[in-house]
Amino acid sequence: MAERFPATNLVPADAAGRMGLVRWLGFISTELHKAVFGPILDTKAPEAVKSWARDKAALRLGLVDKHLRTHEFLLDRFTVADGYLATVLNWAPACDVDLGAWPAVDEYHARVLARPAVAKAVSEERQLYKEQQARAAAR
């Protein structure tokens, strides 16, 4: 979607920037979304699987923390990768993953959530989630 609206500047135009974006999107999707948070959020996963996934968080979030100690964003500016990472990090409290163990990640998450467009999107998403939960409870 960001590529359809280049004025948003959410996707790098240069080849090196695009490679970095693809690398971060791949890392977030496979190493955090699917490997860590997916199993923990799976209601059918046994507790041993959830514990195993939480253990995987340390190495992966440690890598992100190391990068963010010297970078404001994943790339040289806010991109769709930052939006995706912020979304995945939003799941941490529900998954018993304390971001405080990775101070740079924790600070980054707060900084990204404070961006007006991100704050608006998160607020709208929370409202939709509450409405969906209410519908499910009414069934």
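**Helix packing and the nonpolar core**

T79 has a relative accessible area of 0% and is therefore buried (buried, under 20% relative accessible area; exposed, over 50%; partly exposed, in between; 1.4 Å probe, protein chains only). The model is a predicted one, in which local features need pLDDT of at least 70, side-chain atom pairs count only at pLDDT 80 or more, and totals for chains, interfaces and linings use all residues. Residues are numbered from 1 along each chain as its sequence is written, and side-chain values use heavy atoms, with hydrogens and water left out.

T79 sits in the loop between α2 (47-68) and α3. Helices are DSSP runs of H or I with at least four residues, numbered from the N terminus. With neighbours within four places in sequence set aside, T79 contacts L10, P12 and L21 (contact, heavy atoms within 4.5 Å).

Helix α3 spans residues 80-90, and helix α4 spans residues 103-113. The two pack at an angle of about 110 degrees, and their axes are 10 Å apart. Axes are lines fitted to C-alpha atoms over the stretch in contact, and angles run from 0 to 180 degrees between N-to-C directions. α3 and α4 are therefore roughly perpendicular (under 35 degrees, roughly parallel; over 145, roughly antiparallel; 65 to 115, roughly perpendicular; the rest, oblique). On the α3 side, D82, L85, A86, L89 and N90 take part; they meet V105, Y108, H109, V112 and L113 of α4. By class, this contact has seven nonpolar, two polar and one charged residues. Ala, Val, Leu, Ile, Met, Phe, Trp, Tyr, Cys and Pro count as nonpolar, Asp, Glu, Lys and Arg as charged, and the others, Gly among them, as polar.

The largest nonpolar core has 35 residues. Such a core is a set of buried Ala, Val, Leu, Ile, Met, Phe, Trp, Tyr and Cys residues joined through side-chain atoms within 4.5 Å. L61, V64, L74, L85, V97, V105 and Y108 touch the most other members. Two or more residues come from each of α1 (15-41), α2, α3, α4 and α5 (116-138). α1 gives the most, with eight.

Beyond four places in sequence, L61 contacts L32, L89, V97, L99, W102 and V105. V105 lies in α4 and is buried, at 1% relative accessible area.

At 53% relative accessibility, E107 counts as exposed. Its C-alpha atom lies 30 Å from that of E131, 24 residues apart along the chain.
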